[in-house]
Amino acid sequence: MFSYVDFFSAEIEALKRRGGYRTFLEIERRAGSFPAALKHGPGPGRRISVWCSNDYLGMGQHPLVLDAMKRAVDESGAGSGGSRNISGNSHYHVSLEEELADLHGTEAALIFPSGYAANDAALTVLAGRLPGCVVFSDELNHASMIAGIRHSGAEKHVFRHNDADHLEELLAGTDPALPKLIALESVYSMESDVAPLRRTAELAEQYGAFTYLDEVHAVGMYGPRGAGKAAELGLEGRFDVVQGTLAKAFGAAGGYVAGPAPVIDAVRSFASAFIFTTSLPPAVAAGALAAVRHLKRSDRERAQLRAKAELLKALLAEHGIPVVSDEAHIVPVLIGDAAACRAVADELLERHGCYVQPINSPSVAPGSERLRVTPTPQHSDSEVVAFARALDGIWDRAGLARRHAEPVAG
């Protein structure tokens with residue numbers, strides 16, 4: 001008889017030997033004191049500073065957001081009570097969708113319980129219902145986009161990361177009569193680089209392709225009113241569907257798609273992942289709604305985030321500590337070894353009280369392991385300096401290579 005439990009035990013042991021086993025740190029976020037948190041574990045709790053949160057602007061602790069959620073709980077209770085089709089469609093859900101459509105200058109928007117669900121559901125429908133659709137997907141697209149494309153059953157071509165020439169080559173080699181869908185992200189979170197959005201929009205128009213742009217790491221943080229990277233570059237309206245999240249810059253939870261009303265209605269009408277799931281709790285929708293409205297009119301958080309990210313990147317460059325890219329607000333510190341990545345993260349936490357989760361395969365390719373550091377407006381300049389100094393000391397003890405800028409010839 002096959003030993004099922006023993007099989008999976010062996011799989012986990014092999015993962016541990018490769019250094020890719022993931023552990024979860026039990027932390028308690030402290031309302032009003034972000035990025036401080038309380039680390040739980042053996043013995044009394046310990047105060048730590050979080051350096052890997054996706055709550056990029058600290059909106060998950062903003063008084064406007066917390067007050068909105070508290071009021072919604074008092075008004076509506078905890079859960080939504082059902083799917084959007086069956087009793088789970090509140091005024092908060094409808095208002096949030098209207099606000100998101102306005103943010104992106106689109107006719108409609110549709111919210112989901114998660115960004116993963118939004119990508120999976122939307123791409124399954126859009127690529128799956130277009131007859132003979134051919135999808136062109138960046139090789140570093142998020143797992144949720146890959147899943148949606150796979151579930152659609154559409155023919156797929158993968159183009160090299162941010163390589164518009166390769167994309168054009170694939171488009172040119174495809175039957176002009178077939179529907180085409182280009183799927184990409186604006187900001188790639190593990191690389192912290194930005195897609196060639198202008199060239200992509202031009203290629204889509206040239207070859208008659210439908211465009212699907214994942215802006216989860218850009219909405220709230222870039223562009224006028226926080227509308228995203230495409231809007232920042234003056235490309236608002238050049239991408240057919242924009243997908244975003246409510247769980248990062250907006251500090252809540254959930255995901256959404258925004259675009260032409262018939263397209264969004266098709267997702268609403270045909271996506272199983274939307275139809276057959278309970279909707280967001282009203283309080284979560286209310287909190288997200290407050291965050292979206294605030295960030296539409298406030299640039300202060302975005303400016304502070306840019307300043308803190310630039311400070312950290314400059315300090316790491318001075319120390320010769322390599323980062324994968326410095327184009328965006330995320331600071332991916334390249335280590336290149338799973339065991340070393342874990343060891344550096346452990347020392348940062350135990351010696352300095354700085355929590356950064358090591359990023360290993362399958363999130364990144366083996367040999368490109370990294371610390372995905374996310375400074376926020378709530379980190380003080382002195383904390384950023386102390387973090388860089390701590391990492392500098394650990395780098396030497398770990399025997400890791402440094403990368404200093406080449407001297408300018410002259």
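Helix 6 and helix 7 are roughly parallel to each other, where roughly parallel means an angle under 35 degrees, over 145 counts as roughly antiparallel, 65 to 115 as roughly perpendicular and the rest as oblique. This is a predicted model, in which local features need pLDDT of at least 70, side-chain atom pairs count only at pLDDT 80 or more, and totals for chains, interfaces and linings use all residues. Residues are numbered from 1 along each chain as its sequence is written, and side-chain values use heavy atoms, with hydrogens and water left out. Helices (H or I, at least four residues) and strands (E, at least two) are DSSP runs, numbered from the N terminus.

**Helix 6 against helix 7**

- The axes of helix 6 (residues 164-172) and helix 7 (residues 197-207) come within 10 Å and cross at roughly 10°. Axes are lines fitted to C-alpha atoms, for helices over the stretch in contact, and angles run from 0 to 180 degrees between N-to-C directions.
- Helix 6 makes the contact (heavy atoms within 4.5 Å) through Ala164, Asp165, Leu167, Glu168, Leu171 and Ala172. Helix 7 brings Arg199, Thr200, Leu203, Gln206 and Tyr207.
- By class, the residues of this contact are six nonpolar, two polar and three charged. Ala, Val, Leu, Ile, Met, Phe, Trp, Tyr, Cys and Pro count as nonpolar, Asp, Glu, Lys and Arg as charged, and the others, Gly among them, as polar.

- Seven strands form an open sheet with mixed pairing, in the order 4-12-11-10-7-5-6. Two strands pair if DSSP finds at least two bridges between them.
- Strand 4 and strand 6 (155-159) are the edge strands, and each pairs on one side only.
- From one strand to the next, the twist averages 20°.
- Five bridges link strand 4 and strand 12 (residues 255-259) in the antiparallel sense. In this pair, Ala108 stands opposite Gly259 of strand 12.
- Helix 4 (residues 115-129) packs on the sheet. Helix 4 touches strand 4, strand 5 (134-138), strand 7 (180-185), strand 10 (210-214), strand 11 (241-245) and strand 12. The direction of helix 4 makes about 170° with that of strand 10.

- Three strands make an open sheet in the order 13-16-15, with antiparallel pairing.
- Its edge strands are strand 13 (331-334) and strand 15 (358-359).
- Strand 13 and strand 16 (residues 370-373) run antiparallel and are joined by four bridges. Val333 stands opposite Leu371 in strand 16.
- Helix 13 (residues 338-352) lies across strand 15 and strand 16, at about 45° to strand 16.

**Pocket and cavities**

- On a 1 Å grid over the protein atoms alone, a cavity is a set of points where a 1.4 Å probe fits but cannot get out. A pocket is an open set with protein on both sides within 12 Å along at least five of seven lines. Lining residues have an atom within 4 Å of a point.
- Grid points are joined across faces, edges and corners, and a volume is the space filled by probe spheres set on the points.
- The second largest pocket holds about 220 Å³ of space. It is lined by 14 residues, and the closest to its centre are Arg84, Glu97, Ala109, Leu110 and Arg268.
- Helix 3 (91-104), strand 4 (108-112) and helix 9 (261-270) each supply at least two residues of that pocket lining. Helix 3 gives the most, with four residues.
- Seven nonpolar, two polar and five charged residues make up the lining of the second largest pocket.
- The model has two cavities of 30 Å³ or more.
- The largest cavity has about 60 Å³ of space. Its lining is Arg84, His93, Ile111, Phe112, Pro113, Phe274, Thr277, Ser279 and Leu280.
- The second largest cavity has about 40 Å³. Asp138, Phe159, Asn162, Asp163, Ala164, Leu167, Leu184, Ala195, Pro196 and Thr200 line this cavity.

**Backbone details**

- Phe34 and Pro35 are joined by a cis peptide bond, with omega about 10°. Pro35 sits in the loop between strand 1 (27-29) and strand 2 (36-39).
- Asn162 is not a glycine, yet has a positive phi of about 55°. Asn162 is in the loop between strand 6 and helix 6.
- Arg225, also not a glycine, has a positive phi of about 60°. Arg225 lies in the loop between strand 10 and helix 8 (229-232).
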